[in-house]
There are 4 protein chains.
Amino acid sequence: MKDKLLMDEMLEMGRQVLTAQPFSMLIGAELIGFAVGSAELKVPIKNELKQQHGFLHGGVVSYAADNALTYVGGSVLGPGVVTSEFKINYVRPAMGDYIVARATAIYVGKTQAVCRCDVFAVKDAKESLCATAQGTITKIGSSQ
Amino acid sequence: MKDKLLMDEMLEMGRQVLTAQPFSMLIGAELIGFAVGSAELKVPIKNELKQQHGFLHGGVVSYAADNALTYVGGSVLGPGVVTSEFKINYVRPAMGDYIVARATAIYVGKTQAVCRCDVFAVKDAKESLCATAQGTITKIGSSQ
Amino acid sequence: MKDKLLMDEMLEMGRQVLTAQPFSMLIGAELIGFAVGSAELKVPIKNELKQQHGFLHGGVVSYAADNALTYVGGSVLGPGVVTSEFKINYVRPAMGDYIVARATAIYVGKTQAVCRCDVFAVKDAKESLCATAQGTITKIGSSQ
Amino acid sequence: MKDKLLMDEMLEMGRQVLTAQPFSMLIGAELIGFAVGSAELKVPIKNELKQQHGFLHGGVVSYAADNALTYVGGSVLGPGVVTSEFKINYVRPAMGDYIVARATAIYVGKTQAVCRCDVFAVKDAKESLCATAQGTITKIGSSQ
């Protein structure tokens, strides 16, 4: 019960940060999960986010991966973090109703965390992997 | 003179593709250079593209790198390409008037090209590197 | 029972390939697991593989990740594959008795697979993560 | 003249570090250039470093890239650095007499540097690119 309250608070805090990001609001991103070591970000596949073939633009997929990585890094390192670097492999065009980016922390150091993120396209509640990413999240002011 | 015409045509074609990408239009991206082996993409640093600290959102920087990489890959492989994977290091917060992503082809194979992209933030005509990327661009239908 | 025989055969075939790699023999690598979608490579932490501070050289860790990635790619794409690209994050110095690189396939296409690999240092049977990698494995002749 | 002396001293110091790395000695690596912001490492293509098709093993190519990246990072950050992460694209099988890994610093912060490295295979003094890498070099103790 107490843990549930803490998780609700953490999610609420995470959502306030997202609301404070004009670009995330422009895209329509929503933080749907946020706990110590995991973060889940949802982005609707709407027309203005597509590329010329009708799929979600790769830039939106990488935004979702990047931002979910920053969130999960912040969940283990504390607030005030940035994605220092990441790598993404696109494996399928993203189409359907929305994408979900699910990030987890793989290793947590004092000022950096190494995290992974899978991005799934969801259509009629069926998920298919569209990209996978790995990167480093760093506390602001600590290492650059 | 003939080369100049070809370059103008190529840039014009590239711009038509960008215009056909709703997400690029939403962001306000502009293709300002496009020749065999090089591509240059410009994105204005406007409020709705920022994150919570007033800098350009990292997702916009990675969009610019990713899209410039796709363009330069298309310039050497022909139309109908996608970015298969890329890696980006963010080195400075992006602030100022606009960013410019400059991509070049490092290696060109039959169906894949390995390309690099530097992203600069520009303020009062002074450029500073804000990110650098490296990735693989692949002809659609050829390898996945 | 039949599956067990197939797995034994597959592991045997994989080991023959490793034996045919002079560099893997120089390093003392051993294939200890090989099935469809997974591969496990072991490298002893011996003196001639170290760097100046007494840890296993990062080059050996990346060799193990790279080679395990190639193996797992071959397990899903068939023989005749190469690692086209990979990214590795080193998270702890590798020390102890040996390292184990465990790779899995995340996505399998016609000619490429996207795979991941965690590398663990093992001391007195206790494992600690020392690196994590992600990369693309490609059928030879298909895409470059 | 003074600069020449400093460069000679720097190269000499770099070579002593390499000599102190048993794995680099096993491979036969040689530091052939080392100055502030650049490093050049040479590895002979000898039989025991090959894979099963007679090419230099990818693990040797990535070792060379990784180590050249660490050197160039040390040249700008000072001694006591490690490669935190890097990404490599292999573009051609490495064959010939030797490889040369040439690394440069792209961005230098307080405790981290972002660097690039091109690896060339050399045969009869003719060079061809076989891999290209990008990564982060970090001062030991500063960020993990």
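Chain D is superposed on chain B by a rotation of 180 degrees with 0.0 Å of shift along the axis, at an RMSD of 0.0 Å. That is the relation of a two-fold axis. The two copies use the same surface, since 100% of the contact residues of chain D recur in chain B. The model described here is predicted.

**Chains D and B**

Chain D and chain B each give 10 residues to their contact. On the side of chain D that touches chain B, at least two residues come from each of β3 (81-90), β4 (98-108) and β6 (126-139) of chain D. The largest share of that side, 4 residues, belongs to β6(D). By class, the side of chain D that touches chain B holds 5 nonpolar, 4 polar and 1 charged residues.

**Chains B and A**

Chain B also meets chain A, with 29 residues of chain B in contact with 29 residues of chain A. On the side of chain B that touches chain A, the elements giving two or more residues are α2 (22-27), α3 (58-77) and β3 (81-90) of chain B. Of these, β3(B) supplies the largest share of the side, 9 residues. The residues of the side of chain B that touches chain A divide into 12 nonpolar, 12 polar and 5 charged.

Strand β3 (residues 81-90) of chain A pairs with β3(B) in the antiparallel sense, over 5 bridges. In this pairing A:Phe86 stands opposite B:Ile88.

Chain B is superposed on chain A by a rotation of 180 degrees with 0.0 Å of shift along the axis, and the RMSD is 0.0 Å. In chain B, the C-alpha nearest the axis is that of B:Lys87, at 2.0 Å from it. Because 100% of the interface residues of chain B are also interface residues in chain A, the copies meet through the same surface.

| Side of chain D that touches chain B | 5 residues | 4 residues | 1 residue |

**Helices α3 of chains C and D**

Helix α3 (residues 58-77) of chain C and helix α3 (residues 58-77) of chain D have axes that come within 9 Å and cross at roughly 140 degrees. The helices α3(C) and α3(D) are therefore oblique to each other. The crossing of α3(C) past α3(D) is right-handed.

From α3(C), the residues that meet α3(D) are C:Gly58, C:Gly59, C:Ser62, C:Tyr63, C:Asp66 and C:Asn67. Their partners in α3(D) are D:Gly58, D:Gly59, D:Ser62, D:Tyr63, D:Asp66 and D:Asn67.

**A hairpin within chain A**

Strand β1 (residues 30-35) of chain A and strand β2 (residues 38-44) of chain A pair in the antiparallel sense, again over 5 bridges. A:Glu30 stands opposite A:Lys42 in β2(A). The hairpin of β1(A) and β2(A) has 2 residues between the strands, and in this hairpin A:Gly37 takes a positive phi near 95 degrees.

Methods. Residues numbered from 1 in each chain as written. Chains lettered and ligands numbered in written order. Predicted model: local features only at pLDDT ≥ 70, side-chain atom pairs only at ≥ 80, totals over all residues. Least-squares fit on C-alpha atoms with pLDDT ≥ 70 in both. Contact = placed C-beta atoms within 7 Å. Nonpolar A, V, L, I, M, F, W, Y, C, P; charged D, E, K, R; others polar. Pairing = 2+ DSSP bridges. Axes fitted to C-alpha atoms, helices over the stretch in contact; angles between N-to-C directions. Parallel < 35°, antiparallel > 145°, perpendicular 65-115°, else oblique. Left-handed = near helix turned anticlockwise from the far one by under 90°.
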